[in-house]
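This briefing is a guided reading of one protein chain, taken topic by topic. Please keep the sequence and the 3D view open while you read.

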Amino acid sequence: NAFASSEQFGRRLRKCMKSRGKPEYLRLVSEQWQAAAQLAPLYGYYNDFEGLQAALQRALWVVRDEPDGPTLHSRFHELGFHAKQPLKAKVIKRRKLPSPPLDLFLARNGLGPPSWGPSSENMPDPGSETDPEQSDDLPDEPPDVFDDTYGGSSGSPNAPRNHRQAHRVHGDFAAAVHPEMLKRAKKREDTVPTCNLELTPILRYGDGLQLYTSPTCYVYFYSNLKQAWTVRPGHLRPLPCFAVALSCPAGAKRAGRTAWLRLRHRLVPMLRQTAFLLFREARGILPRSLRADSSFDAEAYTTQEGMLVARPGDAQLELDEELDHGEGSEEEREILALARKRAGNGAAANLGGGMFDFDDLEDVDRVEEVAEEIRQERQQQRRKRCAAREVWRRDARQQAKQSEYFKAAEARRLSEVSTSFADSGVAKAEALVWKQMARKAFQYGDYFVAQLYYSEELARLPADDGERRAVVHSNRSVCLAKVRHFEAALEDARQATQLRPTWGRAWARFGSASASLGRASSQDARDAWFKAVAFDPSSQHIEGLSASYKSDFGINQDLVQEHQEKGNEALRVQESGAAIAHYTVAIANVPPPPLDPKKKDELPLLRSVLFANRCLALSRHKLWDLALEDGQRAVDSKEDYAKAHIRLGVAQLGCSLNEQAYVSFANALRHDENEYSARKGREICLGLIPRWESRLAMWRRARFARDIGRPFGDTNIYAMSEVHYDNPQNEEWANSIHATKFLDDVLLITGNLADSFRVLERAFTCLRPKFRRVFYVPGNHELWIVRTEAQKFPDSLCKLWAIMELCDRFDIDIFPAAVCKDVYIVPLLSWCNAAFDTRDPFPNPKSEANRAAKWPIDRDQQVWRYMLRLNQANLDKPYHGTVITFSHYAPRTSCPVFMEKDVAKTSGCPELDEQVRDIRSSCHVYGHTLCRFNQTVDGVKYVHRPLLVEVDFDGTLSKDSVTRVFNGSHLCFDMVDI
């Protein structure tokens, strides 16, 4: 196919056909053949004519049904090549032998009774692998040849003497006496029973404990306690085993290898002695520790002859004496048996008896050579063990010396401590040292060591200091619980509660230890958790109390009502801790809402009331984060419950979420207009928001100096006004802005970007990725409450706070910030003031302008004042250099507006210009008026250019330019193509 599709090959071939009978015909054919012979091996064909011919015939057969198949056939037919089907490969069929009888199968595999041993009646014939008709014609062979070939013994009276006799005796199934089968049977007899060990991590998810060492190490614990105890035949049942793995990622590198070796030399012996004591399962298996001194006199103990009892550091007897390696020794017989097995079955059979042959001497020599190799291997292993034992003895003697030294040092320290106990100040200092050591060990995760240190601290505290002793008991209870010694942890927690009955943490330790022992739902554990919440209502204590009362059998109406009434009574008497505990018990006995949205929730009001009441109790405890969670759950349970919104608003005020708190109080008033608490809370929020001290406001103010170090000359500032993304033509214009042309520039949007919140989000999605930074102030259209948003926003201020949060999500600035060195952008919120109309400076009560905006205050006299108050906190920033301010409404009465009826009353705010002057602005950009303006008044440049998109007669849009107000070095008023 490759040759046929080549144009050059086709031209040469046609030239050869035309020159047939001419003198140059042979030369052209030779050149053509040389080119084909060079290309053929590249495509996997032979470079001779026969190989190419066969390959072409196969290729033509394969492509006979392809679209170009007839063309190829006709082209190669002219050259004498025809399609030929390749021959099919012959499948060799194997002769299927009939299945042997059951008794013969069991006998040849050693699965029958002992009476089914090898005999002439049940041993198969080795010649049955051939056809029975052919085996009858085989010539007789000498018995020694048969014995030597198939491992038989000429001394056995029942052994067949030749193939024909074996066939007659044993039949057609003789595979079991094949030499390979005999080797397998011998190997199965010599195989030692195996024991499989499956280790699984003890800790959950296989996590390890991090050791804060240098370098950092991780310890992993494994055991086979989860392994199935049923074993297969030939396998041994494993004993309980434990393993500790020490991992150091830094030690795998060349730089940390030395530190890792040094650490491992010190850490491994300690883990070997103490690691298995950290788990209850291991402590239950390990034997009890022996006493330091003997129970009887030394004469009462006797030892057997040849037994050695020694301690590390004591004199050791020489254990590596030369063993007797005579011919009759047990080890020598073992070596010879192993040598025969390695030398092969033939040598093993010949050494076992039968007719002697001189060739057997070679087998004997081979066995002797293998035996000598085995002796040398065992001697080398013996030397290694001796060397390792010497190292162990040396280390043992060194440890004994160190132990004696440390014992003497400890004795001196105890004597000093005993003499200094008379002074109580020294005892307190000692206790403080042990406390710091225990705290450090707990931070590093050494819980076993930490509880020992706490015990030392407890021993040095005076008996009358119940408060400090309770703290130590509580801390030691935590350490014991960490190492899963829950009984001792429970006892320490009980002592802590006795010493400090009003300490919530001690009761929490008691409840946690009871839960770890499997008594989480017992009355003692419930009472402990209840007291823990009543004395210290933290999140951990509330979760523990909920878990202890969790019920899977539906609602317990009597218990819920009882604890709800007790919680209400506790709130009335100002016992907020007990109220939180009672409400927690009631909530734990109320089933959660169904996960399936199609199923109806039967208890939304009860759940909302309980969460709202607990939110109030938590607020009185000033636990604002927990109160915020409960308030949100109360609102989610029942949206139209006004008190839930009030409780949520109080919690949000405590968390410094002033804007969200205003929304919560506004929602409460929407559901119940007579709620005095909601109205008062909304007024408080209106007074707190202009300070901009909430969490979100602090984050916005922190963006002020993000670009203050950016170079001065590479930033262009553009302005947009009256975009109205709701209009399809304006939306198409915004989408047509170049995607990468303005990535280093800044955009100012002076409002009226969209009417609805959803369209505003789409507009931000379109414009934000095309500029480095975008500054935005909402206009009057954004603050309208359209019909589809009436249930979402109670009033226009709620929508304003939502727009600010939307800007935070899109990384759009609504607070002042520096865009480069000595260039600042200051957004100013504004609303229209009827005094802007100098001819009639009074509001028109019948005006329909901005009727879609809903305000909680007077829209004619108070809204514009509140907007200016929102700007007050941003006026005292350290502005210098070029300062560009922008707003939605016009700041001066000299700005041109349409002089129609009441239009001037809704076009600007003259008090806004005072804030522009206070900021020392160089340029002010505004919108709304739809009248282009570019003029400098009293040192301030006022700029306004609304977007104008026109549709031509042919349906195309006019690509209106964007206004540039700063070109990187100075102010300007340029039109830039988008």
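This is a predicted model: local features need pLDDT of at least 70, side-chain atom pairs count only at pLDDT 80 or more; totals for chains, interfaces and linings use all residues.

**The chain as a whole**

- The protein chain has 978 residues, and buried residues make up 38% of them.
- Among the contacts in the protein chain with a separation of 6 or more, 67% are between residues 24 or more positions apart.
- The accessible surface of the protein chain amounts to about 57,400 Å², and 53% of that surface belongs to carbon and sulfur atoms.

**Strand β14 and its two partners**

- Strand β14 covers residues 962-966, and since five of its five residues are buried, the strand is largely enclosed by the rest of the structure.
- One partner of β14 is strand β5 (residues 717-720), which runs antiparallel to β14 and is joined to it by three bridges; in this pairing, Ala719 has Thr963 of β14 as its bridge partner.
- The other pairing described here is with strand β15 (residues 971-976), where four bridges join the two strands, again in an antiparallel arrangement.
- Within the pairing of β14 with β15, Val962 stands opposite Val976, while Thr963, the residue that is also the bridge partner of Ala719, stands opposite Met975.
- β14 and β15 together form a hairpin with four residues between them, and in the turn Gly968 has a positive phi of about 105°.

**Two buried residues in helices**

- Leu806 belongs to helix α32, which spans residues 796-809, and it counts as buried because its relative accessibility is 1%, where buried means under 20%.
- When residues up to four places away in sequence are not counted, Leu806 touches Phe757, Leu760, Glu761 and Phe764; for one of these, Leu760, the separation along the chain is 46 residues, yet its C-alpha atom and that of Leu806 are separated by 9.2 Å.
- Cys766 has its place in helix α31, which spans residues 757-767, and with a relative accessible area of 10% it is also buried.
- Once its neighbours within four places in sequence are left aside, Cys766 is in contact with Tyr725, Ala734 and Asn735, and the C-alpha atoms of Cys766 and Asn735 are separated by 6.5 Å although the two residues are 31 residues apart along the chain.

**Backbone details in loops**

- As background for this group, most residues other than glycine have a negative phi, and most peptide bonds are trans.
- The peptide bond from Ser214 to Pro215 is cis, with omega near 0°, and Pro215 is found in the loop that lies between β2 (209-211) and β3 (217-223).
- His928 is not a glycine, but it has a positive phi of about 75°, and its place is in the loop between β11 (923-925) and β12 (933-937).
- Leu930 is likewise found in the loop between β11 and β12, and its phi, near 65°, is a positive value in a residue other than glycine.

- Rolling a probe the size of a water molecule over the atoms shows where empty space is left.
- A search of the whole structure finds seven cavities of 30 Å³ or more, and the largest cavity has a volume of about 200 Å³.
- Which residues lie nearest the centre of the largest cavity? Among the 16 residues that line the largest cavity, they are Cys832, Ala849, Arg859, Asp860 and Thr906.

How values were computed:
Residues are numbered from 1 along each chain as its sequence is written. Side-chain values use heavy atoms; hydrogens and water are left out. On a 1 Å grid over the protein atoms alone, a cavity is a set of points where a 1.4 Å probe fits but cannot get out, and a pocket is an open set with protein on both sides within 12 Å along at least five of seven lines; lining residues have an atom within 4 Å of a point. Grid points are joined across faces, edges and corners, and a volume is the space filled by probe spheres set on the points. Buried means under 20% relative accessible area, exposed over 50%, partly exposed in between (1.4 Å probe, protein chains only). Two strands pair if DSSP finds at least two bridges between them. Contact means heavy atoms within 4.5 Å. Accessible areas come from the Shrake-Rupley method with a 1.4 Å probe; for residues, only the protein chains shown count as cover.
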